[in-house]
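Q: I'm new to this one and would like to learn how to read it. Can we go through it a feature at a time?

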Amino acid sequence: MNNKLVYSGKTKDVFTLDNGNYLLKFKDDCTGKDGVFDPGENSVGLKIDGVGDVNLRMSVYFFDKVNAAGIKTHYVSADLKNTTMEVLPAKVFGKGLEVICRYKAVGSFYRRYSDYIEEGADLPAYVETTFKNDEKGDPLVTKDGLIDLGVMTSKQYDDVKAMTQKITKIVADDLKEKGLDLYDIKFEFGYDADGEVMLIDEIASGNMRVYKDGKYIDPMTLSKLFFA
């Protein structure tokens, strides 16, 4: 088997496989600044031993649940010993699109709309989309914008939104059983050769904002609580 590196990302490397699928290698590099972990940062700031392993384990756990619910994902299998995950080929929307689902008005949502809502107020699985662009600060984009810019079709957007809300509920319900409250979560989606939408990337603690008894739980602590 001759796995060829096709992309080296901030937290994962991507290789081709002989069967046409791809292999994601999870790394211990984390986004952050000045040695402090921050999932919202755009550059690698530190290395935390074992973070690649817990991110892969949590992703496998949730991908299995999402696939079982009949929601299409790129996940095929994982090798926990080598911290790798085999995935189906998928094209990203545009140059990369992030989809956030919010249950609470916190973070950037609250900063933008604080004239209209109190911090921490409930939201009805509110979905928003942002372009992945570090230099432009990941700008928000509307459904009309995505369609008019040729990034996706109206049906693809509707599928992304519906899938986002269903997957978020799966994650939130699972965390709730562990006494944890999901405030918001970030996903990435792509599409296959037929244009069908699928969940890609990972479902890990660094992509979600979680609270316990009203207190924020940082991603590494969350991973430990999750697998306790």
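Predicted model: local features only at pLDDT ≥ 70, side-chain atom pairs only at ≥ 80, totals over all residues.

Q: Which strands does E10 pair with, and in what sense?

A: Strand E10 (residues 97-104) is joined to E13 (residues 181-191) by five bridges, and the two run antiparallel. E10 also pairs with strand E11 (residues 122-131), again in the antiparallel sense, over seven bridges.

Q: Is E10 largely enclosed or open?

A: The general idea is to look at relative accessible area: under 20% counts as buried. Six of the eight residues of E10 are buried, so this strand is largely enclosed by the rest of the structure.

Q: Where do I find Asp192, and is it buried or exposed?

A: Look in the loop between E13 and strand E14 (197-200) for Asp192. Its relative accessibility is 14%, so Asp192 counts as buried. The side chain of Asp192 reaches the backbone nitrogen of Glu196 at 2.9 Å. Leaving aside residues up to four places away in sequence, Asp192 touches Lys72 and Met198.

Q: How far is Asp192 from His74?

A: Along the chain they are 118 residues apart, but their C-alpha atoms are separated by 9.1 Å.

Q: What about Thr73, where is it?

A: Thr73 is in the loop between helix H1 (51-68) and strand E7 (75-79). With a relative accessible area of 5%, Thr73 is buried. Beyond residues up to four places away in sequence, Thr73 touches Phe63, Val66, Asn67, Leu88, Met198 and Leu199. With one of these, Asn67, the side chain of Thr73 makes a polar contact through that residue's side chain, at 2.8 Å.

Q: In what order do the strands of the sheet with E7 come?

A: This is an open sheet of five strands, in the order E1-E2-E3-E8-E7, with antiparallel pairing. Strand E1 (4-8) and E7 are the edge strands, each pairing on one side only. On average, neighbouring strands of this sheet are turned by 25° against each other, direction ignored.

Q: How many bridges join E7 to E8?

A: Four bridges join E7 to strand E8 (residues 84-87), and the two run antiparallel. Tyr75, for example, stands opposite Val87 in E8.

Q: Which strands does H1 lie across?

A: In a regular strand the side chains alternate between the two faces of the sheet. Here, H1 lies across strand E3 (22-26), E7 and E8, and runs at about 145° to E7.

Methods: Residues numbered from 1 in each chain as written. Heavy atoms only, no water. Buried < 20%, exposed > 50% of the residue type's maximum accessible area, 1.4 Å probe, protein only. Polar contact = N/O pair within 3.5 Å; in protein donor to acceptor, adjacent residues only side chain to side chain. Contact = heavy atoms within 4.5 Å. Pairing = 2+ DSSP bridges. Axes fitted to C-alpha atoms, helices over the stretch in contact; angles between N-to-C directions.
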